[in-house]
Amino acid sequence: MIVLAFKNFIRSNSVKIGLSFLLIAGIVSLFVGKQFIEKQEQNITETAAYQKEYIARNVHHHQDEIGLLLYYLKFSFVNETLPINGLSIGQRDVNSSIQSLTIRGLEAQKYDADLNNPTNLLLGNIDFSFVLIFLFPLIIIAFTYNIISEEKESGTWRIVAIQSKNLFLHVLQLFFIRFIGVISVLFFILLLSVFFLKIPLESIFFSFVGISLLYILCWFGICFWVASLQKSSNANAVILLSIWIVLIIILPASLNNYLVNKYPVPEALSTTLKQRKGYHEKWDTDKTQTMNRFYAHYPQFKQFPLPDKEFSWLWYYAMQQIGDDEAAIQATAFKEKLNQRNRASNNIAQFIPTIHTQMQLNEIAQAGLSNHLQFLEETGKFHEKMRLYFYPKIFGEAPVNSENWNKFSIETFKNPQESGGLQSYLSLVVFILLFGVLGWVNFKKSIYQV
Amino acid sequence: MFSHTEILIANLFRNTAFRNKAVFLLTVFIGLLLIYAAFSGWINFQKQNEIRAKYQEQARKDWLSNPDKHPHRMAHFGHFAFRPKAPLSVFDFGMESFLGNTIFLEAHKQNTVNFSEAGFSTGMLRFGEISIAMVLQVLLPLLIFFLGFSSIANERENGTLKILLSQGVSWKELIVGKSLGIISVVMTLFIPIIVATILLWALLQNMNISIDESIRLLLIILVYFVYLVIFCVIAVLVSAISKSSKTALTSLIGLWLMLTIVLPRGSQALGAYIYTAPSKAQFNADIENDVLKEGDSHNPNDPHYKSLKDSLLTVYKVDSVQKLPFNYSGFVMAEGEKISANIYNHHLEELLKIYDKQNSFSKGMAFLNPFMAIKNLSMALASTDFASYINFQEQAEQYRYEMAQKMNELQIKFISNKKPAAGEKPHTIDKKHWEEMHEFVYKEAEVSTVFSHEIISIFAFIFWIGLLLFCIRILSKTLKAI
């Protein structure tokens with residue numbers, strides 16, 4: 001019986017069109033993902049080559065002053081892009097994965113924007129997460145909106161009701177058949193992605209698959225519940241589409257407006273302004289005061305006294321340092337504001353499966369705000385490391401040639417891989433159970449109604 | 001203008017539509033969304049502009065409060081430009097969230113415009129934002145389709161279509177009448193929206209309304225009206241050719257999804273896939289290489305600067321730059337600034353050309369998809385599009401260049417050509433000069449620029465009007481009652 005029903009399902013033209021649409025969109029998304037990953041790799045290669053050439057040229061020009069040389073030198077720090085990022089590009093196209101920094105003031109460099117065509121950002125990527133979150137539900141809706149209502153409308157439901165021993169089981173079978181159809185396409189696309197994007201078969205990939213599967217189940221749950229309301233096909237279509245619009249367009253967009261207004265980020269502007277003023281006014285203030293603050297920050301450099309000259313690199317880098325120090329309060333507030341935003345959206349997302357899924361997939365693919373904040377944090381550490389390495393050499397006026405400049409290639413930040421744990425599945429499981437039980441209760445009551 | 005029959009059909013349609021509970025609920029729901037959209041747009045506009053104005057003022061104060069200094073120090077002290085939001089951004093957020101709003105302006109260096117909302121986002125932004133424009137562009141067409149899917153298909157199913165036609169109602173009258181009916185229902189939402197937008201927009205400008213802004217608003221009202229009418233007619237035409245109301249509904253839902261969700265992303269993704277833009281590293285390296293080719297002011301043996309020096313020495317008949325009657329290094333920096341700014345602008349132009357190519361698919365898509373036409377045109381009219389942003393960036397760069405050259409000029413004029421000896425105070429000039437550099441004030445482009453940027457979208461609208469008139473004509477002759 002179920003085999004026959006499956007054959008009947010899969011032979012229908014609309015099913016073939018629906019599944020091919022998903023398949024094609026899925027494959028397109030893999031191409032988009034691959035291009036994105038390749039572009040990231042190319043950026044890194046280009047940056048590495050540029051850094052090498054740039055250092056060599058400047059070392060050649062500024063042979064006698066290491067302080068002046070380091071005024072110019074830029075060192076790049078890369079946020080590693082995982083292959084799975086090709087499935088969920090997330091915020092990686094907005095936020096640069098490469099930071100190129102001099103050892104001068106950090107706060108003036110850390111937030112530099114990437115080069116982007118904003119129309120691409122506005123209209124959005126067709127990555128796999130888009131296909132999963134936006135398009136899969138549509139096809140699920142198209143396959144299930146008239147499961148029972150169509151038979152009722154054509155009058156065949158009576159026959160089914162009489163012939164079937166367990167009508168509820170029959171309904172479940174109908175849903176199961178469609179689930180199998182949709183899930184095969186999902187697995188096929190994900191399997192393709194393993195080869196195409198060279199995604200290692202590790203736990204994070206399986207969490208990705210797990211979340212995707214639960215998301216699809218969640219939509220089947222919603223459709224199951226709507227079918228249990230026993231409305232007409234037209235009504236089902238309108239209700240399901242409305243749910244889709246609310247979950248995919250209206251709720252996320254309204255919440256986004258809410259978060260933007262609730263957590264504006266003036267701290268970003270105050271940090272930059274403060275940094276500039278903090279550094280620049282030191283040109284006109286008492287040098288010893290600046291130096292005392294610098295020595296208080298780095299007692300280990302007390303051994304380098306301020307030379308009796310109008311200008312010295314020790315003083316210059318101390319001024320730069322104080323600029324950062326003075327902006328520290330604003331910078332911390334800035335970071336805290338972004339963390340607040342991140343926490344607030346994660347909390348809200350628990351209650352909205354679409355946002356939750358997107359954020360979890362981004363999290364797994366290391367493409368969310370958490371990853372970016374982590375990267376900024378590590379950028380600060382990298383910058384500090386470079387500073388501490390070069391400060392003694394600059395203050396001790398080490399000869400430029402005493403340094404092996406070739407060793408300064410780009411460095412990479414590897415975010416420890418985490419799958420969100422059970423917590424990340426929980427919210428989706430709750431939704432699946434909720435709609436499943438609601439639908440079941442309704443069906444028990446009304447399944448034999450004609 | 002319309003026949004008696006057409007108006008009769010329209011009135012009949014409107015009265016039945018308003019008795020439908022689902023339509024009523026949907027209308028109320030969309031109405032509430034619009035109130036929220038207007039409210040959050042207003043809050044956002046107020047907050048953001050307040051923040052930006054505050055720091056713009058702060059930055060200017062910081063600039064002016066500098067003591068006597070060497071002008072080149074001032075050129076590095078620099079200034080900030082904060083991009084103010086346009087008044088009509090309350091209506092259409094456009095690209096605002098993806099564009100930076102803060103740029104640091106200093107000598108020798110074109111910095112990036114930082115701190116876009118998207119950079120602070122958790123990824124939720126990618127689902128979109130709720131603005132009045134978004135509701136009008138995305139949700140109202142769907143409401144129209146819900147209203148109109150059964151308009152003719154239902155009459156056909158009930159058999160009333162035959163009766164109507166046999167009573168002498170023509171197909172054209174039926175289509176026009178039903179379309180008018182839907183339009184009149186939609187206007188009950190559209191007109192209050194427009195009134196609210198006008199009020200909000202006027203209040204936000206403290207009633208100081210410029211002619212340019214008013215023209216923008218009028219055009220917005222006009223194009224949205226045309227946009228909604230296009231969808232009303234599409235709904236009726238699809239209903240007219242469908243065998244049953246169910247087919248009409250599913251076709252219209254499918255069409256809506258294609259037009260608002262799939263095609264816009266698809267066309268842009270295609271453009272971005274075909275034309276790859278350079279990475280930031282590549283872009284900067286290319287500029288630097290060109291600057292080095294032209295002349296490296298840090299290299300004492302650079303041919304460009306060497307010949308510049310030689311010609312100066314000849315003209316002033318002196319044997320060393322220290323003997324020149326003006327500050328030589330200021331002169332060199334002015335020359336360097338000119339060269340690097342030109343090269344930067346040239347590269348930026350090339351980059352923008354690539355972006356244009358990337359966008360060409362989604363722009364051209366307007367002929368297949370009225371949604372793209374309204375999206376682009378509406379952003380442009382609200383000054384929240386990329387062209388407005390580029391306008392800001394250009395003005396900021398212009399200001400940066402003027403500031404750098406002003407400081408170079410002060411150095412050339414007032415700073416001694418001899419380096420201060422050991423123990424001597426560094427050269428400075430009086431702080432009164434800082435005021436000579438005027439404050440950065442962003443000027444919004446005139447509405448006429450919209451016509452040149454969005455000519456494709458405008459033609460697309462004309463094309464759609466023509467196409468639908470043509471369809472009504474053809475279908476009126478070929479449609480069957482059964």
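In this predicted model, A:R57 forms a salt bridge with B:E288, the closest N and O atoms lying 2.7 Å apart, where a salt bridge is a side-chain nitrogen of Lys or Arg within 4 Å of a carboxyl oxygen of Asp or Glu. Between chain B and chain A the count is six salt bridges. Local features need pLDDT of at least 70 and side-chain atom pairs count only at pLDDT 80 or more, while totals for chains, interfaces and linings use all residues. Residues are numbered from 1 along each chain as its sequence is written, chains are lettered from A in the order in which they are written, and side-chain values use heavy atoms, with hydrogens and water left out.

The area buried between chain B and chain A (accessible area, 1.4 Å probe, lost on putting the two together and summed over both) is about 8,200 Å², and carbon and sulfur atoms give 64% of that area. B:M124, B:F127 and B:R265 supply 11% of the area that chain B buries against chain A, more than any other three residues.

The contact (heavy atoms within 4.5 Å) draws on both chains as follows.

| Chain | Residues in the contact |
|---|---|
| Chain B | 99 residues |
| Chain A | 90 residues |

Within chain A, helix α2 (residues 13–61) packs against helix α5 (residues 128–144) at an angle of about 175°, with their axes 10 Å apart; these axes are lines fitted to C-alpha atoms over the stretch in contact, and angles run from 0 to 180 degrees between N-to-C directions. α2(A) and α5(A) are therefore roughly antiparallel to each other, a class that takes angles over 145 degrees.

Definitions and conventions. Helix = DSSP H or I, 4+ residues; strand = E, 2+ residues; numbered from the N terminus. Parallel < 35°, antiparallel > 145°, perpendicular 65-115°, else oblique.
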